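I opened my notebook to look over one model.

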Amino acid sequence: MTTHGFETKAIHVKTPKQDVHGAIKFPIYAGAAFAFESAEAIEDAFAFRKPAHAYSRVTNPTVEAFERKINALEDGRGAIAVASGMAAITNAVLNLVKQGENIVSSDAIFGNTYSLFVHTLKGLGIETRFFDVDKPDSLSKLMDDKTRVLFLETISNPKMNVPDIKKLADMAHEKNIAVIVDSTVTTPYLFTGRPAGADVVIHSSTKLISGGATGIGGVITDAGNNNWSGFPALKPYAKFGKWAFLGRLRSEVYRNTGACMSPHIAYLHSLGLETLALRVEKTCENTLKTAEFLKGQDQVISVSYPGLLDSKYHEIAKKLFKNRFGGVISFRLLNREKCFDFINRLKLIKRASNLGDNTSLVIHPASTIFHEFSEKEKEAMGVTENLIRLSVGIETVDDLISDILQAME
Ligand SMILES: *Cc1c(COP(=O)(O)O)cnc(C)c1O
């Protein structure tokens, strides 16, 4: 691994083969299949004896270039790009957990991830046990000899809580439980799995990585902390040694479930990585200013953002995320009606269910992303009727603040 800085690596990571024309941006290899010189050469490729691209659902040169870049930025062991953030979570979990086993997860997670756990995986005989990351001791009671994964988000939204990842990971590792961290909102620029004790880091690259919502994608990185020896689901893959997680994923779970990243998306998301550091810096700066402004407004009952000095997550977030706090704020107005009024009056900030775009986005989580859940479930996830989520973009911050101000008047 080079000793280059993040911004340099995001631009200069070497691809295994250079483009024949010397194209500076690694080209899009859109095709499905690649031809070989001989039957022996194709046999070698299938046996993983010689790395080669055979079929784009399994590997593709443009997707590989993106995977290499991500892995360099994560300082990981290797990365595999997938069709979406949800595909990343599904693949990572199915690679480690089977029927009759269980997962422990933070109760404040992305709505679709929650639904994957309580509906889809439950139907496959995989149970999820939820705990409150503010009460780390409650984790101990939930882990047993069938627990395979601890699942966490770096900064959950809209609850905006920040787990003490290192402490929780240490608790899990004592029981040979793998730690998967969803770092979508923090990106590889603010958070790397290795020092924090994560075994696997996943991203929805749809968000900040994409360069501004340019398309749906995801990525799974083996953070390099776990040698996987004796991990139950990976025992048949012991021949891969410490590469067992990636080996099983590539040769079985990823290949068979078919949620591969398209080369077109890999091209766009690689481009996004080149400017990630600049955009995340700007977003974090804008978000802190916006959060401070919201705090001073009479109509605003509370503001959750780990960058605020009085946030109970401020100290831990500062340590984990290099003194930056991400681009998402949640805040409360009097009631649902006030929230809808405010959202409808915004002129610049768009009403949309995404985050990490260049443009600022607002949503009322209770009536949208979390609409399928019961009142009790919503409450556990911190989703109340008077809550608004704001994803702050990279516009001129004064324009954002003016828009918020006119919508509150
Ligand atoms: C958006 C998001 C996902 C899902 O990603 P998709 O690319 O939409 O599938 C997962 N986790 C978090 C934290 C997200 O914000």
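My entries follow, starting with the ground rules.

**Ground rules**

I worked on a predicted model, where local features need pLDDT of at least 70 and side-chain atom pairs count only at pLDDT 80 or more, while totals for chains, interfaces and linings use all residues. Residues are numbered from 1 along each chain as its sequence is written, and side-chain values use heavy atoms, with hydrogens and water left out.

**Ligand site**

Next I looked up polar contacts, meaning pairs of N or O atoms within 3.5 Å. A polar backbone atom of Gly85 sits 2.9 Å from a ligand oxygen. The side chain of Asp182 places an N or O atom 2.6 Å from a ligand nitrogen. Thr206 has a polar side-chain atom 2.6 Å from an oxygen of the ligand. On its own the ligand has 380 Å² of accessible area, and the protein covers 90% of that. The areas come from the Shrake-Rupley method with a 1.4 Å probe.

**Largest pocket**

I then turned to the open space. A pocket is an open set of points on a 1 Å grid over the protein atoms alone, with protein on both sides within 12 Å along at least five of seven lines, and lining residues have an atom within 4 Å of a point. The largest pocket holds about 1500 Å³. Volume here is the space filled by probe spheres set on the points, with grid points joined across faces, edges and corners.

I found 43 residues in the lining of the largest pocket, and Pro51, Ala52, His53, Thr59 and Glu64 lie nearest its centre. Helix H2 (39-46), helix H3 (61-74), strand E1 (78-82) and helix H10 (244-257) are the elements that give two or more residues each. Helices (H or I, at least four residues) and strands (E, at least two) are DSSP runs, numbered from the N terminus. H3 gives the most to this lining, with 7 residues. The lining of the largest pocket has 24 nonpolar, 9 polar and 10 charged residues.

While on H3, I checked Val63, which has its place in that helix. Is Val63 buried or exposed? Val63 is buried, because its relative accessible area is 3% and buried means under 20%, exposed over 50% and partly exposed in between (1.4 Å probe, protein chains only). Val63 and Gly218 are 155 residues apart along the chain, with 11 Å between their C-alpha atoms.

**Cavity**

How many cavities of 30 Å³ or more does a search of the whole structure find? I got 1. A cavity is a set of points where a 1.4 Å probe fits but cannot get out. The volume of the largest cavity is about 50 Å³. Its lining is made up of Val185, Leu208, Thr283, Gly327, Val328, Leu355, Gly356, Ser391 and Val392. I counted 5 nonpolar, 4 polar and no charged residues there.

**Backbone spots**

I noted a cis peptide bond from Asn157 to Pro158, with omega near 5°. Pro158 sits in the loop between strand E4 (147-153) and helix H7 (165-173).

Asn176 is not a glycine, yet its phi is positive, at about 55°. Asn176 belongs to the loop between H7 and strand E5 (178-182). Asn176 is partly exposed, at 36% relative accessibility.

Lys322, also a residue other than glycine, has a positive phi near 55°. I placed Lys322 in the loop between H13 and strand E9 (328-332). Lys322 counts as partly exposed, with a relative accessible area of 42%. Its C-alpha atom is 9.0 Å from that of Tyr189, 133 residues apart along the chain.

Leu320 lies in H13, which covers residues 314-320. Leu320 is buried, at 17% relative accessible area.

Note on methods:
Nonpolar A, V, L, I, M, F, W, Y, C, P; charged D, E, K, R; others polar. Polar contact = N/O pair within 3.5 Å; in protein donor to acceptor, adjacent residues only side chain to side chain.
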